[in-house]
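I open this notebook to record what I looked up in one structure. The entries follow the order in which I consulted the model.

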Amino acid sequence: MAHILVTGGAGYIGSHACKALERAGYIPVTYDNLVTGWQDAVKFGPFEQGDLNDRSRLDEVFAKYQPAAVMHFAALSQVGEAMSQPGRYWANNVGGSLTLIEAAVAAGCLDFVFSSTCATYGEHDNVVLDENTTQLPLNAYGASKRGVENILRDFEMAYGLRSVIFRYFNVAGADPEAEVGEFHQPETHLVPLMLDAIDGKRDALTVFGTDYDTPDGTCIRDYVHVCDLVDAHVLGLKWLEEGKGSEVFNLGTGTGFSVMEVIEQSRTVTNREVPYSIGPRRAGDCTKLVSGSNRATTELGWTPTRSTMQQMIADAWRWHQTGHYDR
Ligand code: UDP
């Protein structure tokens, strides 16, 4: 069975990816520094603690497992923090990824699946966001991810590194079996903050701005169930194995939900009121991010089956109620 090096395998998306990889017959090797990840989320393969910037540790892990491919999830991913501490984003997301990519090439591991983001597109009025949309990131998070995309292209030309780049829209939900789920510390994402507010574990949710140019004035996002998202990664791995070459895929459903719509759906699913107040805009937020592409469906054969807002909230709520949040 082939080993796959999963950076960030102790995090939200990475841990779900490890479960999907194990089910698909691979051995996921988690490489994580545990700064934002959780060791108890590593359940589906070996764990190697290490930092992306630690080249000798990476060399050791590549030599030990000789992975067939890398899935690179590990990154700092908070837009607000990226605005106030951009240097951390460039050092960790770009510097760390460069070290990882160099280690992969040196080890002869030339298939690479990368977590990028729709935040690389930035603000576009009335433009369908497909993979050819100009990338004009509004914040250091999006800029750092675009930087890594550029490194991957350069390394393909120089060393033959093949990459599948996934530009995620908003990821939500949890493993329906609640073995893993979403837990960030600090938490900044809409769905978990809202579930905490419903449950009285946090103060009321603050809605960041109601003066955007959208029907109800709140930002619109395209939400994808984390299990659908990681299924695309397994397909991306097979795409590389079949020698289909480097490609970029948006991962979104094409349906947008405003913050107020997500609140309303949560009220319906949980049958509980969502305490919230209206606050100012959050720096770095785009008005609307919705995928206008179905390349992942037509070319990769990806069919999101769980990405209704109801199912995402129901699965996140089930995970929430397991008490994993009470760390
Ligand atoms: N949001 C909000 N209150 C919060 C957290 C998020 O109103 O406490 C909004 C945010 O402005 C954005 C949407 O919810 O429009 C999704 O934000 P999140 O941080 O979950 O993901 P992002 O879109 O930044 O990747």
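**Entry 1**

I began with strand β9 (residues 220-221), which two bridges join to β14, the two running parallel. I take helices (H or I, at least four residues) and strands (E, at least two) as DSSP runs numbered from the N terminus, and two strands as paired if DSSP finds at least two bridges between them. The model is predicted, so I note that local features need pLDDT of at least 70 and side-chain atom pairs count only at pLDDT 80 or more, while totals for chains, interfaces and linings use all residues. Residues are numbered from 1 along each chain as its sequence is written, and side-chain values use heavy atoms, with hydrogens and water left out.

I then looked up the sheet itself, an open one of three strands in the order β12-β9-β14 with mixed pairing. Its edge strands are β12 (257-258) and β14 (288-289), each of which pairs on one side only. Within β14, L289 stands opposite R221.

**Entry 1: the ligand**

Which residues are closest to the ligand? I found 15 residues around the ligand, the closest being L190, T206, R221, R282 and D285; a residue is near if one of its heavy atoms lies within 4 Å. By type, the shell divides into eight nonpolar, four polar and three charged residues. Here Ala, Val, Leu, Ile, Met, Phe, Trp, Tyr, Cys and Pro count as nonpolar, Asp, Glu, Lys and Arg as charged, and the others, Gly among them, as polar.

I next listed polar contacts, that is, pairs of N or O atoms within 3.5 Å; within protein, one must be able to donate a hydrogen and the other to accept it, and residues adjacent in sequence count only if both atoms are side-chain atoms. A polar backbone atom of L190 is 2.9 Å from an oxygen atom of the ligand. For F208, a backbone N or O atom lies 2.9 Å from a ligand oxygen atom. R282 brings a polar side-chain atom to 2.8 Å from an oxygen atom of the ligand. Of the 510 Å² of accessible area that the ligand has on its own, the protein covers 89% (Shrake-Rupley method, 1.4 Å probe; for residues, only the protein chains shown count as cover). Two or more shell residues come from each of α6 (190-198) and β8 (205-208), and β8 gives the largest share, four residues.

Is E131 buried or exposed? E131 counts as buried because its relative accessibility is 9%, where buried means under 20%, exposed over 50% and partly exposed in between (1.4 Å probe, protein chains only). I located E131 in the loop between β5 (111-117) and α5 (140-159). Its side chain reaches the backbone nitrogen of N250 at 2.8 Å. Not counting residues up to four places away in sequence, E131 touches several residues, including Y121, R167 and S293; contact means heavy atoms within 4.5 Å.

N139 is found in the loop between β5 and α5 and counts as buried at 6% relative accessibility. Leaving aside neighbours within four places, N139 is in contact with V79, M83 and G284.

**Entry 2: backbone details**

I noted a cis peptide bond from Q185 to P186, with omega near 5 degrees. P186 is found in the loop between β7 (170-172) and α6.
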